[in-house]
Amino acid sequence: MIKIIFGARGRFFMQVAGRALRSLLVLALAGLAGAALVRLAPGWDVDEAQVDLRLSRQSVERIGAERALSRNPLSFYMKYLSSLTRGEMGRSEVYGQAVAQLIGERFSVTARTVGAGLLIAWCAALLLGTAVALSDRPAVLVGATALTASALSIPAGLLAVFCLLARLPPLAAIAAIVFPRIFPHVYEQVRAGRARPYVLFGRGRGIPPLRMFLWYVLPLAAGPLIALAGVSVTLAFSASIPVEALADSAGLGQLAWKAALGRDLPVLVTITLLLTAITTLVNFWSDLLLLCLGDTAV
Amino acid sequence: MRAIRLLAIVFLLATAAISLAADWLAPHDYAEQFRDHAGEPPSPRFPAGTDELGRDRASRLLHACRTSLLLALGTASLAISLAAIIGGVAGFRGGWVDSALSSLMDLMLSLPWLFLLLTVRALLPLNTSPSASISATAALIGLAGWAPAARVIRANVLSVRNSAPLLYARACGLRDYRLLAVHLLPNLKPVLRAQFWIFVPVFLLTEANLGLLGLGILEPMPSLGSMLAELQNYDRIPSAPWMLTPAFLLLGIVTSLHLAMAEAKTWE
Amino acid sequence: MGIALGLMLAAGLLTANAAAQGELRFCLRTDPKTFDPLLAAEEASETVRYLTGGVLIRFNRKTQGLEPELADSWKLQDGGRRIDFLLRSGIHFSDGTPFDAEDVLATFRRISDPAFASAIADEFRSAGEGIKFSSSGRYGVSITFPQPLAGVEFLFDRLSFSSSRSAQKEKAVLGPFYVTEYKAGQHVLLRRNTYYWKKDRQSARLPYLDSIRLEIQSNRENELLRYRRGELDFIDKLDPELFERLRKDMPTSVVDAGPSLDSEFLWFNQAASAPIEEYKRAWFQSQRFRRAISAAIQRSDMVRLVYRGYGRPAGGPVSPSNHVWANARVQPHGYDLQEARRLLQQDGFRWEGETLRDKQGNAVEFSLITNAGSKTRSQLGALLQQDLKKLGIRVNFTPLEFQSLIERITKSQKYEACLLGFTNMDLDPNGQMNVWMSSSTHHAWNPGQNTPATAWEAEIDGLMKTQATAANPRARKLAFDRVQAIVSEQAPILYLVHPNVLVAVSGSVRNAAPSALAPHLYWNIEHLRLTDDRRTGREH
């Protein structure tokens, strides 16, 4: 019916609206799941101060009771969402500061690190992946494979430490983490595209390689690579947790790690919501692009 | 260049065989502490030197290799199977099934899984054997880690599903299962392989990262992760370069995996 | 015009002089949880409190004597139940508001509120609720406790006062510095308090330093790297391994200040309510079992391998560096495997092959938890595993992240043995009251008992009460010596090592005198200054 009333454009907009609704649902569920995760974690209702030997039994019990106030994750989440509509996100239990202030201070740090790291990683992967796939020289492939394998063989935490040692910013570690994870895809997509029968046929007919690449190979690779772009954003944000924690960079990753260790419910729920919002937004845009490129389902 | 691929396969097989035979090949018990020989350089008695507690590095490396390889391969198999099923079904079925599964993927990608790992690790019984702890860790990482691959697989399925040969095959009346088996799965092989290559080192490193945070495989059982954690003391590397042995071994394994599992025609 | 120019020049010179004082930099391992001096408990908040807070009496970390600070004088009265202070006049908070008796009373109003959960308040309330306080004139203060509180003067070294009148509340301070900026996860910036009252021998106003930047840095390797680059002036509490590395490269900048007051130890869970198997509880409650375990531990190997020789085997709760309170007769349990076997046999244990079994035939195996991320504890755990393997005991060593660990040891009691450390800031045994009183929640092996479970715990309870209230120092010493002897004999806690205080001090810091007592490096912060070349280097 929708198709009859609105036509192809109408269907497109309905699909986009459906995708947007789905993103909102995911966002709401992620926040709730984050709150439930904290609630399930052992030690969610104890405070580090409770092992202070100078504290009396009464004080220890009082501190414990204060921590246990947000016992029900659902009721906490409902209250949290209602205060969120007023622009409040509660107070951090670890830092004793307003969560909005903490996030505000740190978001720009992480956004810069992750953004620059992703840009470097994608440029390097696209250039190198395409060059290796087009070169047809096994030695080049072996070299590139060894390079990506080397980058994959170093734990994110150690990469962060090495970057620090070399006086490189944490974005270098993010780039080094993301690059080897996207390079094989770029290479595989370009190589597979070049091996398709009609491409081989075109090459046999003498169509210039650049034209073949731009018109026939790249469009086929675009879909999976756009999907990968969405994933790489999430990957970079996830990588920022150990990188920032070990490099002592005051971004969201470090905040998330300390909040996780301290069972800081308001901070963890806010960060979960923020990361989900970024993930769903990026995936939404990549799906939209896929849709525009001709893949129907979003 | 086939020789290189062959070399990589031989290296992997040799590493797997040697590490599986660690119980017989290791010169010492991996947990035994020779406290009067702590921090020694390589010698005939200790071929790769000893660690700070006097444990034989060579014996620990053999056992670490076995532990980490089994963990990574098991975890990668679990994760890739889940990703293939969920991503494949989402892309192939479309409609509300796709919407629901894609939402699940988004949710899985968004949640702080490191926190879940911490939580489940803390909930495990304390008197578990190291092997039970390894299995639990592997299952957990696998169950949490399939989503990125599922999204890529879904995109590939979408791409192939709407390609001309598939549309033609569908128009010819081919049934779904035949479409899947004959046309879709063979086209997915490159992406599944790429994801698997990516997963193995990723999960090797997930264990290593947990080791760096002190939450890896329990002492005294060694793993590549716990041995790599020693590299945090990078100052010591110039005076004790044999500390790099686990890093080089991991590098060798990961590179060989990439080379060995590359499609044969790549080399032609 | 001439006067204006002269004033500008003078102002310029003054500014240049102030800038030339320089900025001291060192690291906090975590963010401070609070800037309220009465709530400061963990290390970071305590550091800020020490650097910014003014106290009535200062405990000199070098001479180990008490010195008047904001109090001109004090006197203990009524057998230690009352303490009278005469405050210094003309003292001002960092915002210029005057300090007098009303500020002291306001602080005690908060402390005496039973609903106020604070470590320092609990220490003052340990003699019972109902602290009375009054003023006589503008500078006379009298504090009366329900019972005598032995060593009460030492508590005033940790009690910093806030202004009762200032709009800045606890931000107005009496110490040498005040907080000007805090960026969570990055740094805390302290500026020189121009109202600070102390002067040096040449009557120059203290402190010498213009500011202190406390960088928040949890990664020890990064801290070391930055120290080597000259970006930091201090490193407090170096790990033995990092200390060794630094000693090789920069031998003049590291200091081993000797055994700390801290200790590393393990204990078994003996709580009746703990959800562990009954037969295991029976092992843990057996003195012979605990002593056998203690005799099987090679403490000297722990010191040699884990602490690289920078520590001492521990025999009890009091470090040998605490000359006043350590019981010289209490020595670490020696390594004696034969003795360990004998004690176990006496208790009905037997060996089946290489496995130790109890009377019922249960294999002896237990889990040992500790906090994840501590390399030294991870190594101690591995050494314990091998030591106890020689007795046929299997130890499942499980590091847990801190929050889970706290939950298990303070709440659910779901653990069998725990390896932890004790950071002792107090020389006086009153600081250990909560460890030894059987009713306390910090009585690690069996917390919160309504009545003491054993005769020796009842005896310890009595002795701790005696030492806390006795006015006679000798009676206090005798009582606490006996407590140490009982602990050594019964071994409810197996003490392993007293680590040394290892620090690094840059050559560009003058007047630094590292102490074994906390705060090791900046206890005399008002007297620290930077060398000229360092200051000019910084400005460039």
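In this predicted model, Gly311(C) stands opposite Pro499(C) of strand S20 in chain C. Gly311(C) opens strand S14, residues 311-313 of chain C, and S14(C) is joined to S20(C) by 3 bridges, the two strands running antiparallel.

Strand S13, residues 263-268, pairs with S20(C) in the antiparallel sense over 4 bridges. Within this pairing, Glu264(C) has Val497(C) of S20(C) as its bridge partner. Strand S12, residues 254-259, also runs antiparallel to S20(C) and is joined to it by 4 bridges; here Val255(C) is partnered by Val503(C) of S20(C). Strand S11, made up of residues 234-235, is paired with S20(C) over 2 bridges, again in the antiparallel sense. In that case Phe234(C) has Val505(C) as its bridge partner in S20(C).

Chain C also takes part in an interface with chain B. There, 19 residues of chain B are in contact with 25 residues of chain C. On the chain B side, the residues that touch chain C divide by class into 10 nonpolar, 5 polar and 4 charged.

In chain A, a pair of helices was examined. Helix H6 covers residues 156-165 and helix H7 covers residues 170-195; their axes come within 8 Å and cross at roughly 140 degrees. Angles over 145 degrees would count as roughly antiparallel and those from 65 to 115 as roughly perpendicular, and H6(A) and H7(A) are therefore oblique to each other. The crossing of the two helices is right-handed. On the H6(A) side, the contact is made by Ala156(A), Leu159(A), Ala160(A) and Cys163(A). H7(A) contributes Pro170(A), Ala172(A), Ala173(A), Ala176(A) and Ile177(A). By class, the contact between H6(A) and H7(A) comprises 9 nonpolar residues, with no polar and no charged residues.

Notes
Residues are numbered from 1 along each chain as its sequence is written. Chains are lettered from A and ligands numbered from 1 in the order in which they are written. This is a predicted model: local features need pLDDT of at least 70, side-chain atom pairs count only at pLDDT 80 or more; totals for chains, interfaces and linings use all residues. Two residues are in contact if their C-beta atoms, placed from the backbone, lie within 7 Å. Ala, Val, Leu, Ile, Met, Phe, Trp, Tyr, Cys and Pro count as nonpolar, Asp, Glu, Lys and Arg as charged, and the others, Gly among them, as polar. Axes are lines fitted to C-alpha atoms, for helices over the stretch in contact, and angles run from 0 to 180 degrees between N-to-C directions. Angles under 35 degrees count as roughly parallel, over 145 as roughly antiparallel, 65 to 115 as roughly perpendicular and the rest as oblique. A crossing is left-handed if the near helix is turned anticlockwise from the far one by less than a right angle, and right-handed if clockwise. Two strands pair if DSSP finds at least two bridges between them.
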